[in-house]
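Subject: Structure for you to look at

Dear colleague,

Here is the structure I said I would pass on.

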Amino acid sequence: MIRYLLRRGLFLVVSLVIASVVLFLLLRVLPGDPANALVAVGATDEQIEAAREQVGSNLPLLQQFTTWIASVASGDLGTSFVSGLSVGDEVAARLRVTLPLTLIAFLVAVVIAVPCGYIAATRARTWYGAALNAVAQLGIAVPVFWLGMILIVIFALNLRILPAGGFPLGGWADAPTALTSLVLPIATVAIIMSASLIRYVRSAVLDVAGSDFVRTARAMGSSFGLAMWRHGLRSAAVPVVAVMGMELASTLLGAVVIEQVFALPGLGSLLVTGIAEHDYPVIQGVLVISTLAVLVIGFAADIAQRIIDPRLRDRLSEASA
């Protein structure tokens, strides 16, 4: 297991380096120059050249990359061309909105999806089992921005019990107001995510319910519920955990949509602003942190699968031998 963790850790580092190279090259092949963010329309050649020297875009491409990757490796994501602030500080400030939004919505979705998916699988022939399945299918088809606008109309404009958007300037210093401002975004993300997870949980439970070991346990006198509890749920959890990791990663990356709908100053909105202003350090910093988060989530999901199901550890030991 330790050897596996080391291999996975090395794979994570290599993947992050490769992603950084691809990101750097893609930004450099796009039309325009990073220095354009510092000069006004109609700038002279001397002003443009001075701006290029300031941002380092006049250097050879390899030197630009090595300088940037060395800074990232030391924890320095650079300085914004537009605001002059540290990109690391800006990303950290925006993560105070994006992380609570994503993690709380994920937890709410899991709490909803696991029991509902189990009921939809084991009570498929009842009206409420069929209703859960139908609602989950409908939820998958609903765009997240559309659901967000519907919730704004209902709870902010009509009922006037929740804010339509925004985040307090003081941030989490005013925790009740900050949490209230995230209620609708969290509900929006959690509803969409839980709909998808219900389908996966239902499918995993159905697969395990028809397996040989559950049928054998029932033939030996165990009830279906007891057989699933003792033998089935762990097996069903393995594919579900993988899907949960993907859902969490996609929600983190897709935060830009929900943050635009609810006017939240999160990581997604920082990326949109950086793209609009051609602020390369901001774009690179946000994408590097997002890539790292996705890789870490995948790593954690992989480890969780092996903790849940000892058979995966046994296969790993056999492969190592």
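Buried is used here for residues under 20% relative accessible area, exposed for those over 50%, and partly exposed for those in between, with a 1.4 Å probe and protein chains only. Please keep in mind that this is a predicted model, in which local features need pLDDT of at least 70 and side-chain atom pairs count only at pLDDT 80 or more, while totals for chains, interfaces and linings use all residues. Residues are numbered from 1 along each chain as its sequence is written, and side-chain values use heavy atoms, with hydrogens and water left out.

Aromatic rings

With a relative accessibility of 17%, Phe65 counts as buried. Phe24 is buried as well, at 1%, and so is Trp68, at 10%. Ring pairs join Phe24, Phe65 and Trp68 into a cluster. Rings of Phe, Tyr and Trp (its six-membered ring) are paired if their centres lie within 6.5 Å; planes under 30 degrees apart are called stacked, over 60 edge-to-face, and the rest tilted.

There are 5 aromatic pairs in the structure. In one of them, Phe24 with Trp68, the ring centres are 5.8 Å apart and the planes stand at 25°, so this pair is stacked. It links distant parts of the chain, as Phe24 belongs to helix α1 (residues 2-29) and Trp68 to helix α3 (residues 61-73), 44 residues apart. Helices here are DSSP runs (H or I, at least four residues), as are strands (E, at least two), and they are numbered from the N terminus. The pair of Phe65 and Trp68 is tilted, with 6.2 Å from centre to centre and 50° between the planes. Phe65 and Trp68 are 3 residues apart in helix α3, and therefore separated by about one helical turn.

Helix α4 and its partners

The axes of helix α4 (residues 87-122) and helix α5 (residues 127-141) come within 8 Å and cross at roughly 125°. That angle makes α4 oblique to α5. Axes are lines fitted to C-alpha atoms, for helices over the stretch in contact, and angles run from 0 to 180 degrees between N-to-C directions. Angles under 35 degrees count as roughly parallel, over 145 as roughly antiparallel, 65 to 115 as roughly perpendicular, and the rest as oblique.

On the α4 side, Cys116, Ile119 and Ala120 meet Tyr128, Gly129, Leu132 and Asn133 of α5; contact means heavy atoms within 4.5 Å. By class, this contact has 5 nonpolar, 2 polar and no charged residues. Ala, Val, Leu, Ile, Met, Phe, Trp, Tyr, Cys and Pro are taken as nonpolar, Asp, Glu, Lys and Arg as charged, and the others, Gly among them, as polar.

The axes of α4 and helix α12 (residues 267-276) come within 7 Å and cross at roughly 135°, which makes α4 oblique to α12. Glu90, Val91, Arg94, Leu95 and Thr98 of α4 make this contact with Leu267, Gly268, Ser269 and Leu270 of α12. Its residues divide into 4 nonpolar, 3 polar and 2 charged.

Single residues

Thr102 lies in helix α4 and counts as buried at 3% relative accessibility. Leaving aside neighbours within four places in sequence, Thr102 is in contact with Leu248, Thr251 and Leu252. Arg123 sits in the loop between α4 and α5 and is partly exposed at 39%. With neighbours within four places again left aside, Arg123 touches Tyr128, Gly129 and Ala130.

Regards
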